[in-house]
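Hi,

Here is the structure I promised to pass on. Have a look, and my notes follow below.

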Amino acid sequence: MPDDTTPAESWAPTRALGRAVLLTGLLILLGVLLGRLDLVALATPFALSVAWALRRKPTRAPTVDIALPAEAAAEGRDVDAVVRVGNPNPVGFDLAVARLVHSPWLRLAHGDRPYGMDLSPGERSEIALAGAALRWGHHAVGPALVYAVACDGLLLSTVAVTTGGDVRVHPVMPPFRADETMPRSSALVGIHRSRRPGEGGELAGVRRYGPGDKLRRVDWRVTLRTRELHVAHTLSDRDAEVVVLLDVLHEAGRSGGIHGAASVVDTTVRAAAAIAEYYLRQGDRVAMLEYSGHPRHLRAASGRAQLQAAVEWLMHTRSTAGAGDPPVFGIEPHLIPGSALVVVLTPMLGPQSADMIATLARAGRVVVAVDTLGELARRPINGSQWTNLAQRLWRLERNNTIGQLREVGVPVAAWAGAGTLDEVLRDMTRMAAAPRLGVR
Amino acid sequence: MSGLGPDLRTALGGIRSWVLYLVSRARRTTPGPALVRLVAAAAALGALALAVPADVLSSSELPRTAVILLPAALAVGLFPRTRWVSLVAVCAIGGWLVSTIGFGDPVHVGRVGLLASALYVMHAAAALAAVLPYDCLLASGVLFRLAVRVCGVLGVSLVVGLGGMSFAGQLPQARSVVGPIVGSIVAASLAGLLAWHLRRR
């Protein structure tokens, strides 16, 4: 990052210069008037130091820049930042004071203190700061400020500033797995055992041989026992597309970082990262959508590159409560394929969220809502005599919303890490495999 | 009385927050800046003590004098950015004149040297303390550089100033003439030097 200082820096005299000149003049004047050589002797250190110090003056302000790691760090891991301070003058600095401003989520050791150093002519000094990144996201490091003092503390430079940059911290991924099958799948590839019979590895049963069955499917043990040809009946393996929809329209709770309590956005982002990682490692395609005043979309893809893209995408997530209006029509259903499983991570703190989820369900999408409010919903609030009552009313209203969502076919599960989706996926798969009634 | 309670509480709250602020500042203070300020305060105390008439220091007035000198010197360390440092230096010079003229203290070369050293150390330490944040993590090179600079300046100055003073003291006939002449030459040189420096900017 380049130094932002202009070449027209200047140095200003300090109060010490005025004091030295004042004392020298006063002592010499008194010495002359009173004929006292001792007063001249008292003035000598001041006069000599000023004369010696000002024989060569610096002309340029100190330089400063910040070096930050290019790679993203994991939440809770250490990050490094280096502040480089330089002296471009042929005169040394008695003191250069550098101060770095940075995000409170970066606990850099002594990062909140200024650093003082002396710099010889042309010398560059580095201040290495290291500390834990306490929360996911893009954390600002900078600006860095530096000023210098030269000529025995008689001259003070202007303050040089550099803008700095961001340290990228990706969220921790809590353990997550979903052992249940996907309710819908999109193609006859992949690793998910479906409820449909086909060429897969999952044994569904043994049945009599029929026309079209392949000979390699013959179960010889059962055939010999029954003296009739039997074949192993398998379920087909299929891949799936998962759309993780982050409802960050509202924030609740105060984030304590990796070692503290999680806010709603923290839970949402970490859960999204875990879900994306799990399904991408399975070989599925994962897309991401953000439901906020400024909706964002990450196209569906699979593989390691998509995991990195998803993590990068998640690092930009911010709560937008009060920052903008939600989109009028919610999330456009055309952004989500009909065969995709939509996992909506939502605290359900506003009617817009429930409307959006219901709209997707009515459009024929397979939607699972994961409640990210968690313990915050049950936390008692201290207040007046009406607070408790208001909180109970609010809980009833929220439970009512969740019930309404279930009525339109959206199961709601509280985020609990591994196994969060198992129960709801099992129910949805059973419903998807059941025969459907048609009305003519 | 009813109105006094809230006012008193407000005042106590203000004092409490002020004390908490001071405590937090004291906790954040680092050794380097504290040492520089301590040196400035100690040098100020030394300069004031050397400037005070010897009779006062040896008499029963010492505690009363200390009550005045100690806070004045301490303030130099606490407020090095203010004009208080200049004021203390001027007071020390005034005290020196009062001691030598009013109280008839003899002008010993050693005492003049100590006073000059104390004044300069106070000035140099206060100059650094004025630009040094109290919570700064300081490289040891800064203090080493300051110490070397002060020692160098004092070494040369004491040799030149006290040597010249002693030499002139050996010339009783010229005593009244040498002082004004040397002083005028130094004053003119200094004025010319400063003017040259200012033009160079």
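Before the details, a word on exposure: buried means under 20% relative accessible area, exposed over 50%, and partly exposed in between (1.4 Å probe, protein chains only). Keep in mind that this is a predicted model, where local features need pLDDT of at least 70 and side-chain atom pairs count only at pLDDT 80 or more, while totals for chains, interfaces and linings use all residues. Residues are numbered from 1 along each chain as its sequence is written, chains are lettered from A and ligands numbered from 1 in the order in which they are written, and side-chain values use heavy atoms, with hydrogens and water left out.

Arg227(A) is not a glycine, yet has a positive phi of about 60 degrees. Arg227(A) sits in the loop between helix H3 (220–226) and strand E14 (230–239) of chain A, and counts as exposed because its relative accessibility is 77%. Helices (H or I, at least four residues) and strands (E, at least two) are DSSP runs, numbered from the N terminus. Cys151(A), also not a glycine, has a positive phi of about 60 degrees; Cys151(A) is found in the loop between E9 and strand E10 (155–157) of chain A. With 5% relative accessibility, Cys151(A) counts as buried. For context, most residues other than glycine have a negative phi, and most peptide bonds are trans. There is a cis peptide bond between Gly142(A) and Pro143(A), with omega about 5 degrees, and Pro143(A) belongs to strand E9 (residues 137–150) of chain A.

Now the sheet. In chain A, six strands make an open sheet with mixed pairing, in the order E17-E16-E15-E18-E19-E20. Strands E17 (296–301) and E20 (412–414) of chain A are at the edges with a single partner strand each, so one side of each has no neighbour in the sheet. From one strand to the next the twist averages 20 degrees. Here two strands pair if DSSP finds at least two bridges between them. Strand E15 (residues 241–247) and strand E18 (residues 341–346) of chain A run parallel and are joined by five bridges, with Val243(A) opposite Val342(A) in E18(A). Elsewhere in chain A, strand E2 (residues 63–67) has four of its five residues buried. Five bridges connect E2(A) to strand E4 (residues 78–86) of chain A, and these two run antiparallel; Asp65(A) has Arg84(A) as its bridge partner in E4(A).

Next, the cores. A nonpolar core is a set of buried Ala, Val, Leu, Ile, Met, Phe, Trp, Tyr and Cys residues joined through side-chain atoms within 4.5 Å. The largest one has 96 residues, of which Val85(A), Leu95(A), Leu119(B) and Met122(B) touch the most other members. Helix H6 (residues 109–131) of chain B gives the largest share, 14 residues. A second, separate core has 39 residues, including Ile275(A) and Val343(A).

Last, a helix pair. Helix H2 (residues 31–51) and helix H4 (residues 62–78) of chain B pack at about 145 degrees, with axes 7 Å apart. Axes are lines fitted to C-alpha atoms, for helices over the stretch in contact (heavy atoms within 4.5 Å), and angles run from 0 to 180 degrees between N-to-C directions.

Cheers
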